[in-house]
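Me: I'd like a close look at one part of this model. Can you walk me through it slowly?

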Amino acid sequence: MKLMIHPDYRITDGISIETSQNLLRQGSVPEGMQIETLRIPGLENDPEIEAYLYLPPGARENLPVIMDVHGGGFSSGDAKMDKNRDIHLAMHVPAIVVAINYRLAPEWRYPAALRDCRAAWEWIYENIARYGGDPKRMGLFGASAGGGLCAALAFYLRDHGGPAIALNALMVPALGIGTTLSKDQMRFGAPVLSDSKGRNIYRTYLGSLNGEYPSYYAVPNAAIDFIGLPPTLIIAGEYDPLREDAMYYARKLREADVPLELYLMPRVGHGFDMVADAPMTKWIWDGMAMSFRREFQILAEDERSECE
């Protein structure tokens, strides 16, 4: 398949995952933004979870809260990769953003990362008020593997109970295993991530399945019942091998009458928003902030008219 990379994102063509992760870590911190390192207790005998709390300038009481889960194929990356995304959300919602680290495969396979997400989500609900946050208005954001973990956490909370998710925002999420059209199309040469590089992501995360079908807490698209999931925002890239997994997840949400917002970003691949200063990146980040404001019920009057 011949790819026609968007002119603003040609820098992504041919770069490695490691280079893209370093690009995501670049960027300045706005004046007045406070960043605090947190140590969150793990579940039962699990280790502590390192996290970063972003508090926007002039923060008031009862700000909504967004928990961010980073990407990296379940086996690499860290919360600092999402700094630019987190700052944008903190400034433009505005909200308190808590970006978490989690245990990585293959040293820590499923369900370690999901347990860390559960522990952080519950801790934020119980403790965020002392930082000025509103535990009744909490949302999730995750990119790539982090998007898969956010989707898995939504299933777990639906089944077992827990703090409600106002909006689950999934950026180029990793949601399924097996062959798809986009994985075949993007076998080689796709920007940032080709299927030839990404096909072992879930094998690393899960280990051997021994012929068994994986839990939908590990692979969200393995689920049968999508009823009762929270409002969801999905952002997919046209040249991302994970595109069709995102589209399948979106279709199942619509069949289950789950409120859904879906964007297919043209001529870009996986992790395209590493190009933080590109107009389309700013457009989708602004749209994501507006979606969080809608679900947090803090839209301005002119934004309400746009959503009606």
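At what angle do helix α2 (residues 83–92) and helix α9 (residues 279–295) pack, and how far apart are their axes?

Reply: Some ground rules: this is a predicted model, where local features need pLDDT of at least 70, side-chain atom pairs count only at pLDDT 80 or more, and totals for chains, interfaces and linings use all residues. Residues are numbered from 1 along each chain as its sequence is written, and side-chain values use heavy atoms, with hydrogens and water left out.

Helices α2 and α9 pack at about 50 degrees, with their axes 9 Å apart. That makes α2 oblique to α9 (under 35 degrees is roughly parallel, over 145 roughly antiparallel, 65 to 115 roughly perpendicular, and the rest oblique). Axes here are lines fitted to C-alpha atoms, over the stretch in contact for helices, and angles run from 0 to 180 degrees between N-to-C directions. Helices are DSSP runs of H or I with at least four residues, and strands are E runs of at least two, numbered from the N terminus.

As for who touches whom (contact means heavy atoms within 4.5 Å), α2 brings Asn 84, Arg 85, His 88, Leu 89 and His 92, and these meet Trp 285, Asp 286, Met 288, Ala 289, Phe 292 and Arg 293 in α9.

Now for α2 itself: 8 of its 10 residues are buried, meaning under 20% relative accessible area, with over 50% exposed and partly exposed in between (1.4 Å probe, protein chains only). Among the buried ones are Lys 83, Asp 86 and Ile 87. Besides α9, the buried residues of α2 pack against α1 (17–25) and the strands β2 (49–55), β3 (63–69), β4 (96–100) and β5 (133–143).
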